[in-house]
Amino acid sequence: MRILCVVGARPNFMKMAPVVAALAEAGSRPLLVHTGQHYDQAMSQVFFDQLGMPTPDIHLEVGSDTHARQTARIMTAFEPVLLEQRPDWVVVAGDVNSTVGTGLVAAKLEIPVAHVEAGLRSFDRAMPEEINRVLTDHLSDLLFTTEESGNRNLRHEGIAEERIAFVGNCMVDTLRTHVEAAVAQEPWKELELSPGGYALMTLHRPSNVDDPEVLRSLMDTAARIAEELPVVFPLHPRTRQRLDDLGLDLPTGLRLEPPLPYLSFLGLMARARCVLTDSGGIQEETTALSVPCLTLRWNTERPSTVDAGTNRLVGTEKNKILGAFDDILAGRWQQGEIPPLWDGQAGERIARRLLNEG
Ligand code: UD1
């Protein structure tokens, strides 16, 4: 059986690594295609190196552009690959433009599509990822879900039960594989910090960083937090650009960093006093690590991190964020539980199912 796995943007790498590894372990080394949606060394290659991912067999080198142009370029570049390779399965992950672009090309060529991390819904169509999720799920033949809400959403949207496979969370597989080594590196030492003695923050959602008023207010809030606890803030290229545009005078307690390699970020996250983020994946990773997470959004497509885990939605309002931060410092925070099947075996379940479908 020929399986083709697609990656494109940073969060795809941690989700696909366990699938690629489990397929190879079962004797079916997949063909790996990188769209090149993310291309900087710090956003791409370093993850391949640290996660032990094989070098992509095919690189489409699409780069950045508007949504329409980027997705169109992904599709135009991917079609000849599929026509030549004719795999039995195309496996896509997550909710980025590379996911929907390559999935659509495969579906039109009647090549079965499997979606890793299916069924998540924020019910907010202003998020480009929500559109990508819905479309990818509806063109996929096999939908691998990470949490119970995903199963419910898919059933509700009329997806046949036999196409839904609840397998758990591949991102958590990767986390479990690497967390010990990540902590052993003691990445906080380089920043002259100690375990539990800092907060970790990430921001990259257009709704938070592209609106100058929202970004200014979030930076003001982070500056307040940094008066009590240093805030380590690795910057996504988009956020770096927007902050440069604003030209804010930021306090020294706010430690701006370049995008960090996987192991450094994971080690920092595992020993952070708390995490502030608008990322989807980090909500899951903090739940898996039982680290308090303040999600700087009004909704989440990952409700199990709030219902069972250590995540709270605090939106972008200064007082709400500061109130929740006080709760963390005062120890008023849920312990959290690990959601079902976030056990490090998701990649193997996916590989087994794909190989059995042949
Ligand atoms: C993309 C995904 C988002 C995911 C995020 C993780 C979509 C719609 N969005 O958002 O779901 O959470 O990745 O990072 O697919 N850039 C660089 N170097 C790179 C890549 C990007 O400098 O290697 C800059 C470019 O200026 C680009 C901007 O970042 O225009 C945004 O990149 P893009 O891939 O369009 O979206 P992300 O915001 O990264």
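Ser 290 is found in the loop between α13 and β12 (293-295), where helices (H or I, at least four residues) and strands (E, at least two) are DSSP runs numbered from the N terminus. This is a predicted model, in which local features need pLDDT of at least 70, side-chain atom pairs count only at pLDDT 80 or more, and totals for chains, interfaces and linings use all residues. Residues are numbered from 1 along each chain as its sequence is written, and side-chain values use heavy atoms, with hydrogens and water left out.

**Positive phi**

- Ser 290 has a positive phi of about 60 degrees although it is not a glycine.
- With a relative accessible area of 39%, Ser 290 is partly exposed; buried means under 20% relative accessible area, exposed over 50%, and partly exposed in between (1.4 Å probe, protein chains only).
- Arg 86, also not a glycine, has a positive phi near 40 degrees.
- The loop between α3 (67-85) and β4 (89-93) holds Arg 86, and this residue is partly exposed at a relative accessible area of 44%.
- Most residues other than glycine have a negative phi.

**Ligand site**

- The shell around the ligand has 18 residues, of which Gln 37, His 38, Asn 97, Glu 129 and His 236 come nearest; a residue is near a molecule if one of its heavy atoms lies within 4 Å of it.
- By class, the shell residues divide into five nonpolar, eight polar and five charged. Ala, Val, Leu, Ile, Met, Phe, Trp, Tyr, Cys and Pro count as nonpolar, Asp, Glu, Lys and Arg as charged, and the others, Gly among them, as polar.
- Helices α5 (128-139) and α11 (237-246) each supply at least two residues of this shell.
- An oxygen atom of the ligand lies 2.8 Å from a polar side-chain atom of Gln 37, and a polar contact is a pair of N or O atoms within 3.5 Å.
- For His 38, an N or O atom in the side chain is 2.8 Å from an oxygen atom of the ligand.
- For Glu 129, an N or O atom in the side chain is 2.6 Å from an oxygen atom of the ligand.
- The ligand taken alone exposes 740 Å², and the protein buries 84% of that; accessible areas come from the Shrake-Rupley method with a 1.4 Å probe.
- The space taken by the ligand is the largest pocket. On a 1 Å grid over the protein atoms alone, a pocket is an open set of points with protein on both sides within 12 Å along at least five of seven lines. A molecule sits in a pocket if more than half of its atoms lie within 2 Å of its grid points.

- Phe 265 lies in helix α12 (residues 262-270) and counts as buried at 13% relative accessibility.
- Ala 181 has its place in helix α7 (residues 170-184) and is partly exposed, with a relative accessible area of 43%.
- Ala 181 and Ser 264 are 83 residues apart in sequence and 9.8 Å apart from C-alpha to C-alpha.

**Other buried residues**

- Ile 282, in helix α13 (residues 280-289), is buried at a relative accessible area of 8%.
- The C-alpha atoms of Ile 282 and Leu 191 are separated by 21 Å, and the two residues are 91 apart along the chain.
- Leu 32 lies in strand β2 (residues 31-34) and counts as buried at 1% relative accessibility.
- From C-alpha to C-alpha, Leu 32 and Thr 102 are 13 Å apart, and in sequence they are 70 residues apart.

Notes: A polar contact is a pair of N or O atoms within 3.5 Å; within protein, one must be able to donate a hydrogen and the other to accept it, and residues adjacent in sequence count only if both atoms are side-chain atoms. On a 1 Å grid over the protein atoms alone, a cavity is a set of points where a 1.4 Å probe fits but cannot get out, and a pocket is an open set with protein on both sides within 12 Å along at least five of seven lines; lining residues have an atom within 4 Å of a point.
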